[in-house]
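Biologist: I'd like to learn how to read a protein model. Could you walk me through one?

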Amino acid sequence: MIQNTQQINFPFSAIVGQDNFKLALILNLVDPLIGGVLAIGDKGTGKTTLIRSLTNLMDTEQKYPFVNLPIGVSEDRLIGSIDLEQLINHKKEVINLGLMAQAHQGILYVDEVNLLQDYLTDILLDAAASGTFYLEREGVSRNFKSRFCLVGSMNPEEGNLRPQLKDRFGLSVQITTPTDAKVRQQIIKSRLSFDDNPTQFATEYIDKDLAISKQITNAKVRLSFIPINDAIIEHCSELAIQHQVEGLRADILLVKTARAFAAYNNASEITTKDVDSIADFVLNHRSLNKDPNQQNQSQNENKNEQQQESSSEPNSSSKEENIAFLNPKNTFQKQKEVTTNTLQHETNSVYSSEGNLTVTDTRKTVSQYLATDKFDLKTKRKSNILKQHHIFLIDSSGSMLKDQIIAYAKGTVNKIAESSKKQNTQFSIVSLFNGEAQLILNQTGILKDIEIALTELKTGGKTNLTAGFKQVKGICSSVDFNHSLHIITDGKLNAESNLDDTVLAFQTYCKGIQKTQVIDAEKGMVKIGEAKELANRIRANYEILITENI
């Protein structure tokens with residue numbers, strides 16, 4: 001019988017060059033309560049191939065699902081929904097299982113998890129940690145099991161994950177491209193052999209995969225019998241303190257992961273060597289002190305450097321001091337439109353000028369239909385005041401005034417933060433340079449991260465506002481936020497772009513934006529005024545960037 005090659009995954013034991021990632025995944029299979037793995041690093045290194053290969057390690061008598069979560073997933077698709085057609089036409093309660101329920105006893109993989117909406121990431125992490133979740137829809141309350149291995153991958157160049165969310169991943173690994181030529185050659189040969197004949201290639205590694213699978217099964221049985229003594233707990237706490245981690249999650253996970261590591265290695269007790277072997281998995285993404293052993297030495301070196309700089313340049317100031325704050329003239333007033341009809345998450349919604357959101361009330365609509373056999377669409381306000389999300393689209397091409405742009409953006413962020421201390425205000429930054437758009441910060445409220453991202457802006461090349469608007473579309477899809485867009489540009493577009501195309505791109509990709517502001521950074525005696533014209537065409541507030549020395 002010919003086996004369907006589409007169902008054959010690359011053998012787990014055949015993968016080379018990702019030993020840390022493989023071990024972190026195995027430890028999560030031994031103890032799912034560890035809370036998943038976050039893979040941070042390069043693309044094209046076989047992360048998805050490795051994660052899919054985990055299914056080869058599980059018991060063949062039961063199906064071990066692999067669910068790949070798309071970035072644009074809706075909440076209903078994630079946790080499940082009620083089949084309204086069956087409810088209305090046949091008065092039957094039929095539940096469409098969400099992806100978390102489908103991933104039970106399997107793997108849930110989120111590629112580019114840093115681009116997933118934060119509240120969906122919260123739902124995922126809660127379910128992964130508790131092993132269960134509730135579906136509350138149209139008067140129905142159901143509990144579903146969701147004991148899955150959560151794996152997320154991200155490229156930091158596309159934006160960071162909020163520290164609160166990153167902390168809730170149990171383990172993390174840094175994925176790098178192999179630099180050893182022999183390792184790269186071995187990977188290429190294995191991939192070509194698998195593509196040419198998957199069945200034969202997989203057969204060669206069956207015994208090795210079965211041995212790993214048996215080792216995992218035995219470890220799961222042994223796990224609860226391994227004692228945890230006070231000396232191990234003390235060692236874990238000392239490591240957490242040295243790395244200046246926040247909270248106690250790291251302490252607990254160091255113990256749990258070390259126990260899983262000991263169980264996998266067929267040990268009867270946990271040693272400090274076991275803890276040290278897995279410490280990086282737990283502390284990499286939590287540590288505020290990456291090298292505690294060299295902390296004092298680094299502090300002394302910094303002091304010496306500062307003393308030398310101050311003695312050699314008594315009147316100089318640091319770059320951070322030079323780039324001060326420029327307060328915006330504009331108060332960023334509301335647009336003239338009273339309402340804006342949008343489509344968010346396949347739900348019709350209306351934004352008022354105050355940022356209130358009116359959505360379809362499915363429960364009332366269905367209830368009335370069942371009672372009266374008349375269909376009348378009911379609506380409700382989702383919230384009185386939406387959370388604020390300010391997106392900065394910063395043109396950092398070579399023709400721009402970088403210091404003034406940074407100062408203006410910092411001043412605007414500071415002013416917004418001061419006026420909305422009690423609100424969950426989020427900031428995102430998209431940088432335009434070299435004819436491309438890069439998301440360098442995605443929905444964070446941490447002012448220090450914003451300041452660092454602004455200071456490290458890259459410059460050079462041409463301006464591609466269309467690419468920037470495409471990035472904006474991807475980060476303003478949440479209906480829980482009132483999205484505001486700040487465009488800082490000199491209006492000098494790519495030669496292949498024109499103002500009409502740019503306006504069309506804004507109208508196409510920025511439908512979720514409620515307020516827009518254009519800050520004109522054009523300089524020189526003769527000005528073409530493209531930024532001002534852009535503001536007029538897209539009906540945005542307009543402000544001229546101050547160009548005095550700062």
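Biologist: Where is the place of Asp395?

Modeller: Start with the ground rules: this is a predicted model, where local features need pLDDT of at least 70, side-chain atom pairs count only at pLDDT 80 or more, and totals for chains, interfaces and linings use all residues. Residues are numbered from 1 along each chain as its sequence is written, and side-chain values use heavy atoms, with hydrogens and water left out. Helices (H or I, at least four residues) and strands (E, at least two) are DSSP runs, numbered from the N terminus. Asp395 sits in strand 14.

Biologist: Is Asp395 buried or exposed?

Modeller: Buried means under 20% relative accessible area, exposed over 50%, and partly exposed in between (1.4 Å probe, protein chains only). Asp395 has a relative accessible area of 0%, so it is buried.

Biologist: What does the side chain of Asp395 make a polar contact with?

Modeller: A polar contact is a pair of N or O atoms within 3.5 Å; within protein, one must be able to donate a hydrogen and the other to accept it, and residues adjacent in sequence count only if both atoms are side-chain atoms. Here the partner is the side chain of Thr489, at 3.0 Å.

Biologist: What is the order of the strands in the open sheet of six?

Modeller: Two strands pair if DSSP finds at least two bridges between them. The order is 16-15-14-17-18-19, and the pairing is mixed. Strand 16 (436–444) and strand 19 (541–544) are at the edges with a single partner strand each, so one side of each has no neighbour in the sheet. From one strand to the next, the twist averages 15 degrees.

Biologist: How many bridges pair strand 14 and strand 15?

Modeller: Seven, in the parallel sense, between residues 387–395 and residues 426–433. Opposite Ile391 you'll find Ser428 in strand 15.

Biologist: How many residues of strand 5 are buried?

Modeller: Four of the five (residues 107–111), so strand 5 is largely enclosed by the rest of the structure. Strand 2 (residues 66–69) runs parallel to strand 5, joined by four bridges, and Leu69 has Val110 as its bridge partner. Strand 5 also pairs in the parallel sense with strand 8 (residues 149–154), over five bridges.

Biologist: Last one: which residue caps the N-terminal end of helix 8?

Modeller: Asp180 does, with a side-chain oxygen 2.9 Å from the backbone nitrogen of Lys182.

Terms used
Axes fitted to C-alpha atoms, helices over the stretch in contact; angles between N-to-C directions.
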